[in-house]
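Please find below a short note on the structure, arranged as numbered points. It is meant to be read with the sequence and the model side by side.

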Amino acid sequence: MVSDPWIAALTAVFLWWFSTGAILLVVRVADRRGVRVARAVTLLALPLLVWGGWTYLKTLEVLSVGSAFLGFVAALAVWGWIELAFLTGVVTGPVTRPLPSDVSEGERFIRAWGTVAYHEMALLAAILVLGVVGWEAENPVGLWTFVVLYFARISAKLNLYLGVPRINTEFIPGALAHLPSHFRIRKLNWLFPFSVSALAFACACWLERLVAAETAGGQVGFALLAAITALALVEHWLMVLPLPDAKLWRWMLPAPQHTKSKTPEGPHGF
C-alpha cells in the first residue's frame, strides 16, 4: 500500500499542507511574543535543518520506497527551516522599510531584492550544496524536490513583483510587514504564462517518468515529485483564481496581534 503512487501523491499533499500550517502556526505564535522569541524559535528549530541534511545524505545511495519518502521529507525539512528563518525575520535582507511611492522601476527592483537578499542567498547555498552532494546519486528525489521548490518560489516571487490579480497579506508576520509595499496588483504579467507552462511541463515529465519507472521506489519518487510540482502549479493559479485557499490554515492559527491590510486571498503553500 505504501508503494502505491496514489498514496505517495496524497502523502505529498498532506505533508505540504501540514508543513505549511506548522510553520505558519509557529511564526504566528512567535510574532505575538516579539523578536526575541522569533529568534529563539528559529535557533531551536536548527535540529530540523541538521536532520534534513543528514537524512538527505543517507538516502542518496539506494532508491527504494523508503528512501524516496525520506529524501522527499529531508528536502522539505531543509526548505522548511530556511522558510521559518525568513518568516521570523531572522534571515531576510538589508531592506526592512516599506517602498516609497516615488521611486523609479530600477530602484524598486533593487529595493525588492533587498527585502529577500539574505533569504535568496541561503536558498541558493542550500541548492548548490545539495546539488554537489547529490548529483548523479542513485536516489535523486530529495534533490529534485528542493529544485522544484526553489524554482517555483523564485517564479512566485517574480510574479508577485511584476503583478498578479490576487495577493494575500493575511499570513505575513510583523517582521515582514514591509513586503506588501513591493508587490503589485494587476491583471496579469508577461511572466505568468511561462511560469504555469513550465510547471505544467515539469509535472507532465514526472508523470511520464512515473509510468515508465520499473521499480516501486522509482514510481513513488516520481509520484512525490509530480505531486509537489502540481501543488506549485496550483499555487501559481491561485494568484489569479478567486478561491479561498487561506481557509486551509486559518482555522488552526491564533488571531494575529497586529492588523494587516486586506487584499484578495492568494497562494500560501510553503
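This is a predicted model: local features need pLDDT of at least 70, side-chain atom pairs count only at pLDDT 80 or more; totals for chains, interfaces and linings use all residues.

1. After α5 comes Glu136, which has a positive phi, near 65°.

2. The average pLDDT of the protein is 92, and 94% of the residues score at least 70. Residues 259-270, however, have a pLDDT below 50, although in the model this stretch makes 53 contacts beyond near neighbours in sequence.

3. The largest pocket has a volume of about 1,000 Å³. Its lining draws two or more residues from each of α1 (5-33), α4 (65-87), α5, α6 (141-162) and α8 (216-237). The greatest contribution is that of α6, with ten residues.

4. Which residues lie nearest the centre of the largest pocket? They are Arg153, Ala156, Lys157, Leu160 and Phe183, out of 43 lining residues. By class, the lining consists of 31 nonpolar, seven polar and five charged residues.

5. The second largest pocket has a volume of about 370 Å³. It is lined by 23 residues, and Trp144, Val147, Val148, Ala202 and Trp206 are the closest to its centre. Two or more lining residues come from each of α6, α7 (191-212) and α8.

6. Which element gives the most to the lining of the second largest pocket? It is α7, with eight residues. This lining comprises 16 nonpolar residues, six polar residues and one charged residue.

Conventions:
Residues are numbered from 1 along each chain as its sequence is written. Side-chain values use heavy atoms; hydrogens and water are left out. pLDDT is the predictor's confidence in each residue, from 0 to 100. Contact means heavy atoms within 4.5 Å. Helices (H or I, at least four residues) and strands (E, at least two) are DSSP runs, numbered from the N terminus. On a 1 Å grid over the protein atoms alone, a cavity is a set of points where a 1.4 Å probe fits but cannot get out, and a pocket is an open set with protein on both sides within 12 Å along at least five of seven lines; lining residues have an atom within 4 Å of a point. Grid points are joined across faces, edges and corners, and a volume is the space filled by probe spheres set on the points. Ala, Val, Leu, Ile, Met, Phe, Trp, Tyr, Cys and Pro count as nonpolar, Asp, Glu, Lys and Arg as charged, and the others, Gly among them, as polar.
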